[in-house]
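Student: Could we go through this structure together? I would like to start with the loops and then move on to the sheet and the helices.

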Amino acid sequence: MQTHTIALLDGDGIGPEIMAEAVKILRVAESRNGIRLELKHGAFGAGAWFSHGDSFPEATRQLCDRAGAILKGPIGLDHEQTEKIPVDMRPERGALLPLRRRFDTFANFRPVRLAGGLTHFSPLKPEIIAGGIDIMMIRELVGGLYFGAKESGRDDAGRRYVKETLEYDETQIERIARVAFETAQGRKKVLHNIHKSNVLKSSVLWNEVLGEVGGEFPGVEVRHILVDAAATYLCLNPRQFDVMVMENMFGDILSDQAGGILGSLGLMPSACLGPEKAYYEPSHGSAPDIAGKNIANPYSMIGSVAMLLDMSLGLRDEAGHVWQAMRSVFDQGYTTPDLARPGADSKTISTRAFGDLVAEHYAAAPATAS
Ligand code: NAD
Ligand code: IPM
Ligand code: MN
């Protein structure tokens with residue numbers, strides 16, 4: 001029997017709650033496909049710092065190295081708790097960025113999707129998003145300000161200063177541009193390039209290299225949009241977008257805005273692909289405000305499982321069934337509290353109940369021809 005080892009990094013806050021629902025889906029995938037999924041939990045995040053003195057312990061590093069794919073819950077704590085951890089060991093800098101760097105997961109896919117029948121979840125007017133939203137945001141994930149040189153200290157006048165550098169070289173831009181063009185080629189053949197070349201030299205180089213890669217994809221039309229304007233268009237007319245590509249920091253901000261136009265960050269799964277390995281995680285954080293209450297929306301985590309099935313295990317049809325199962329649950333009028341709208345005819349259910357229903361629908365989906 002084919003065995004896949006998957007590292008599960010539950011994370012902090014709502015992480016363990018939504019991970020438990022993801023595991024239900026993985027177990028269904030296992031029995032539907034006659035495969036064995038060896039699911040191994042590893043300590044990761046703020047909890048790991050408190051229990052192991054390291055937010056990315058060596059044992060977890062080794063587990064990730066051995067695993068065929070990694071499924072990660074959100075990490076981090078609220079502001080007050082975060083302050084208890086030394087700055088460079090906090091889970092974002094001490095675990096998440098090192099994970100991205102270790103596996104060079106440069107291509108971050110953040111699908112922004114809302115089916116036509118579910119537009120009531122969105123805060124946007126129905127006429128703006130009639131027919132639904134379907135954008136693939138592609139974020140460069142291991143370069144730019146996040147990973148550039150940093151220094152801080154006191155200047156000659158004794159003032160505290162900090163310097164962070166937005167760095168890219170052409171190889172980094174080329175590989176993400178290629179991923180973006182390939183994705184656009186497989187969809188509507190329009191690529192929105194999001195940049196800030198009116199100010200940033202990094203965007204000038206980005207656009208130059210993107211143009212060169214574009215020469216290999218004559219069938220894909222490139223539309224250039226400045227990042228600030230793109231933020232507006234996401235609200236005023238998100239349906240103009242199909243595939244969007246951008247550098248790391250722009251992608252962080254615009255993808256959370258994308259969660260906003262869908263109606264909740266709980267609808268934002270993601271895949272982070274590197275040359276050899278991928279990891280999958282919700283785009284959102286650990287939601288300390290709702291942790292431990294069994295009310296978080298597990299869609300983003302289950303959607304990340306769907307992306308794992310598709311992109312790491314090659315089970316594309318199975319992934320389709322998982323998406324469809326979540327859709328069916330919504331179509332039956334169920335929602336988690338983040339999506340409940342005043343006056344809407346919905347039945348609000350818990351994290352666990354949502355996961356159970358999705359698992360049931362998925363288990364009942366037609367078998368995939370192998
Ligand atoms: P957040 O994304 O955790 O929460 C923002 C808002 O969205 C909150 O109101 C929260 O309740 C809501 N929300 C998020 N996910 C939800 C879900 N699945 N269901 C229902 N509601 C949901 O952002 P924050 O509060 O700014 O950050 C909290 C912590 O998470 C910080 O430590 C931050 O660094 C960390 N973080 C981690 C990741 C990651 O692990 N990839 C991503 C973003 C933020
Ligand atoms: C995300 C998160 C991370 C980021 C943080 C937690 C380091 O916000 O995945 O979007 O900024 O990339
Ligand atoms: Mn973010």
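**Loops, sheet and helix packing**

Tutor: Ala287 is placed in the loop between strand 12 and helix 11 (299-311). Please keep in mind that this is a predicted model.

Student: What is phi of Ala287 near?

Tutor: The phi of Ala287 is near 45°, a positive value in a residue other than glycine. Most residues other than glycine have a negative phi.

Student: Which value does phi take at Asp104, and where is that residue found?

Tutor: Asp104 has a positive phi of about 50°, although it is not a glycine. It is found in the loop between helix 5 (91-102) and strand 4. With a relative accessibility of 25%, Asp104 counts as partly exposed.

Student: What joins strand 3 to strand 12?

Tutor: Strand 3 (residues 69-72) and strand 12 (residues 278-280) run parallel and are joined by two bridges. Leu71 has Tyr280 in strand 12 as its bridge partner.

Student: And how many bridges join strand 8 to strand 9?

Tutor: Six bridges join these two strands, which run parallel. His192 stands opposite Arg223 in strand 9.

Student: Is strand 8 buried or exposed?

Tutor: Six of the six residues of strand 8 are buried, so the strand is largely enclosed by the rest of the structure. Val190, His192 and Ile194 point one way, while Leu191, Asn193 and His195 point the other way. In a regular strand the side chains alternate between the two faces of the sheet.

Student: How do helix 7 and helix 8 cross?

Tutor: The axes of helix 7 (residues 170-185) and helix 8 (residues 201-214) come within 9 Å and cross at roughly 50°. The two helices are therefore oblique to each other, and their crossing is right-handed. Helix 7 contributes Glu170, Ile173, Glu174, Ile176, Ala177, Arg178 and Phe181 to the contact, and helix 8 contributes Leu205, Trp206, Val209, Leu210, Val213 and Gly214. By class, this contact has nine nonpolar, one polar and three charged residues.

Student: What about the axes of helix 11 and helix 12?

Tutor: The axes of helix 11 and helix 12 (residues 316-331) come within 7 Å and cross at roughly 160°. Helix 11 is therefore roughly antiparallel to helix 12. The crossing is left-handed.

Student: Which residues meet there?

Tutor: In helix 11 they are Tyr299, Ile302, Gly303, Ala306, Met307, Leu309 and Asp310, which meet Arg316, Glu318, Ala319, Val322, Trp323, Met326 and Phe330 in helix 12. The residues of this contact divide into 10 nonpolar, one polar and three charged.

Definitions and conventions: Residues numbered from 1 in each chain as written. Chains lettered and ligands numbered in written order. Predicted model: local features only at pLDDT ≥ 70, side-chain atom pairs only at ≥ 80, totals over all residues. Heavy atoms only, no water. Axes fitted to C-alpha atoms, helices over the stretch in contact; angles between N-to-C directions. Helix = DSSP H or I, 4+ residues; strand = E, 2+ residues; numbered from the N terminus. Parallel < 35°, antiparallel > 145°, perpendicular 65-115°, else oblique. Left-handed = near helix turned anticlockwise from the far one by under 90°. Contact = heavy atoms within 4.5 Å. Nonpolar A, V, L, I, M, F, W, Y, C, P; charged D, E, K, R; others polar. Pairing = 2+ DSSP bridges. Buried < 20%, exposed > 50% of the residue type's maximum accessible area, 1.4 Å probe, protein only.
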